[in-house]
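Subject: Structure for you to look at

Hello,

Here is the structure I said I would pass on. My notes on what was found in it follow below.

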Amino acid sequence: MLIREAGIIFNGIPVVFVSYHRASKENTDLICSSGFMTGILTFAECLMQPIEYFESSKYTIIFKKGIMQDFYGKNREILSFLVMDKDDRLEKYLDRTIKPILDKLLKRFISEYNGCKVNEVAKFEPFKKTIDKVFGTDTQTLEEKVSSLLQ
């Protein structure tokens with residue numbers, strides 16, 4: 001199960017995002033991608049609930065939804081997400097491993113940044129280290145693992 005991307009989307013805005021293995025050489029627009037994910041999730045939830053993940057022929061996007069207060073004290077939707085290669089073993093690991101990790105990531109983010117201004121995205125940069133601690137070792141190629149051991 002190769003993890004491609006992981007991150008946090010707050011009220012439709014990508015606040016922290018880590019890309020491990022790019023699916024293509026082209027640069028993607030993070031705001032458009034996050035808006036698309038949020039929009040498609042909202043649309044799907046109008047038809048059925050709950051939505052845990054979307055799956056295409058190549059990739060799976062897994063979501064964990066929560067609520068966090070913004071700077072003005074309003075409760076807003078927050079998502080932790082994971083983009084990974086499609087894997088037939090997903091159902092086996094989804095409830096036991098993946099969803100608890102996304103939930104833990106979401107709770108850490110909320111505990112650290114509840115009530116913050118979302119437009120000050122630079123303050124969320126240190127949270128990338130938390131994401132790396134959770135997903136980093138499983139997302140490295142063999143060469144990256146070896147080079148990290150040699151440093």
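A residue counts as exposed when its relative accessible area is over 50%, as buried when that area is under 20%, and as partly exposed in between. By that rule K107, at 53% relative accessibility, is exposed. Please keep in mind throughout that this is a predicted model.

Overall layout

The chain has 151 residues, and 36% of them count as buried. Its secondary structure consists of 4 helices and 5 strands. Read from the N terminus, the order of elements is β-β-α-β-β-β-α-α-α. If we take the contacts between residues at least 6 apart in sequence, 59% of them join residues at least 24 apart. The accessible surface is about 9,300 Å², and carbon and sulfur atoms account for 54% of that.

Salt bridges

In total, 8 salt bridges were counted. Some of them are described here.

K107 pairs with D103 through a salt bridge, with an N to O distance of 3.3 Å. Both residues belong to helix α2, where they sit 4 residues apart, or about one turn of the helix. Whereas K107 is exposed at 53%, D103 has a relative accessibility of 23% and is therefore partly exposed.

The side chains of K65 and E77 form a salt bridge at 3.0 Å, N to O. K65 is in strand β4 and E77 is in strand β5 (residues 75–85), so this bridge ties together parts that lie 12 residues apart in sequence.

K128 and E125 make another salt bridge, in which the closest N and O atoms are 3.5 Å apart. K128 is partly exposed at 27%, and E125 is partly exposed at 41%. There is also a network of salt bridges, which links E52, D95 and K99.

K64 is in strand β4 (residues 59–69). Is K64 buried, exposed or partly exposed? Its relative accessible area is 29%, so K64 is partly exposed. Leaving aside residues up to four places away in sequence, K64 touches I78, L79, S80, L102, D103 and L106. One of these, D103, is 39 residues away from K64 along the chain, yet the C-alpha atoms of the two are separated by 6.2 Å. D103 is also the residue that pairs with K107 in a salt bridge.

The positive patch

Which residues gather in a patch of positive charge on the surface? They are K104, R108, K129 and K133. Helices α2 (90–113) and α3 (127–139) are the elements that give two or more residues to this patch. R108 is found in helix α2. With a relative accessibility of 30%, R108 counts as partly exposed.

Regards

Notes:
Residues are numbered from 1 along each chain as its sequence is written. This is a predicted model: local features need pLDDT of at least 70, side-chain atom pairs count only at pLDDT 80 or more; totals for chains, interfaces and linings use all residues. Side-chain values use heavy atoms; hydrogens and water are left out. Patches are made of residues with over 30% relative accessible area and no salt bridge: like charges are joined within 9 Å, nonpolar side chains (Val, Leu, Ile, Met, Phe, Trp, Tyr) within 5 Å. Accessible areas come from the Shrake-Rupley method with a 1.4 Å probe; for residues, only the protein chains shown count as cover. A salt bridge is a side-chain nitrogen of Lys or Arg within 4 Å of a carboxyl oxygen of Asp or Glu. Lys and Arg count as positive and Asp and Glu as negative; His and the chain ends are not counted. The place of a charge is taken as NZ of Lys, CZ of Arg, CG of Asp or CD of Glu. Buried means under 20% relative accessible area, exposed over 50%, partly exposed in between (1.4 Å probe, protein chains only). Contact means heavy atoms within 4.5 Å.
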